[in-house]
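Dear colleague,

I am passing on the structure below, and I would be glad if you kept it open while you read my notes.

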Amino acid sequence: MKLKIEKALIRKAKYDDEAFSQVYEMIYRDLYKYALYMLGNQHDAEDIVSEVVIDIYKGLINLQNESAFLKWVYTILSAKCKRKRMEYLNKHISIDDEEMKMDFPNQEVDLDIRQDLIKALYHLSEDEREILILFYINGYKSREIEEILNIKSSTVRSKQKRALEKLKNMMEVG
């Protein structure tokens, strides 16, 4: 599992700010990358993640099943990203070149091609985009995505395959 947070740490984070800070440090980057690729805007991604962290901090005390922590967090994050996207659905989507370099540090890929790929992502369905972001950007395995999105891992794999085929076709046409 890519991101394994011990149940004991989550339990402790309910009452201990230091433990919550540790949990925050473990999840922040993945939450940010998810929000960035869902929204396509660095500042909105930062704002959304900040809102999510506040919600987590306030609501963690009520989380009864610590093993459902990541699913709970991504449910909150996904809902906030969807609301934000509704605000600027018809606006131009662009991700800062420096942000893309950070996510693809060892790859010498033309930034125009990366930008085209990011734009193509927005022509996929919401769940296809989520699966690709969680898998390729955040590095989760299909079993982890199954837990986060509450979708069978076989469905995750088939949607991932279809989404990649759609992206390939869009990139060839575009």
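This is a predicted model: local features need pLDDT of at least 70, side-chain atom pairs count only at pLDDT 80 or more; totals for chains, interfaces and linings use all residues.

**What was found**

Among contacts between residues at least 6 apart in sequence, 67% join residues that are at least 24 apart.

Which residues have the most contacts inside the largest nonpolar core? They are Phe 69, Tyr 74 and Leu 77, in a core of 48 residues. The elements that give two or more residues to this core include helix 1 (7-13), helix 4 (69-87) and helix 9 (153-173), and helix 2 gives the most, with 12 residues. If you look at Tyr 74 and leave aside its neighbours within four places in sequence, you will find it in contact with Asp 30, Leu 31, Tyr 34, Leu 134, Asn 138, Tyr 140 and Ile 148.

Two packed helices are described by the angle between their axes and the distance between the axes. For helix 2 and helix 3 the angle is about 145 degrees and the axes are 9 Å apart, and helix 2 passes helix 3 in a right-handed crossing. The residues of this contact, among them Phe 20 and Ile 27 of helix 2 and Val 49 and Ile 56 of helix 3, divide into 16 nonpolar, 1 polar and 3 charged.

With best wishes

Technical notes
Residues are numbered from 1 along each chain as its sequence is written. Side-chain values use heavy atoms; hydrogens and water are left out. A nonpolar core is a set of buried Ala, Val, Leu, Ile, Met, Phe, Trp, Tyr and Cys residues joined through side-chain atoms within 4.5 Å. Buried means under 20% relative accessible area, exposed over 50%, partly exposed in between (1.4 Å probe, protein chains only). Helices (H or I, at least four residues) and strands (E, at least two) are DSSP runs, numbered from the N terminus. Contact means heavy atoms within 4.5 Å. Axes are lines fitted to C-alpha atoms, for helices over the stretch in contact, and angles run from 0 to 180 degrees between N-to-C directions. A crossing is left-handed if the near helix is turned anticlockwise from the far one by less than a right angle, and right-handed if clockwise. Ala, Val, Leu, Ile, Met, Phe, Trp, Tyr, Cys and Pro count as nonpolar, Asp, Glu, Lys and Arg as charged, and the others, Gly among them, as polar.
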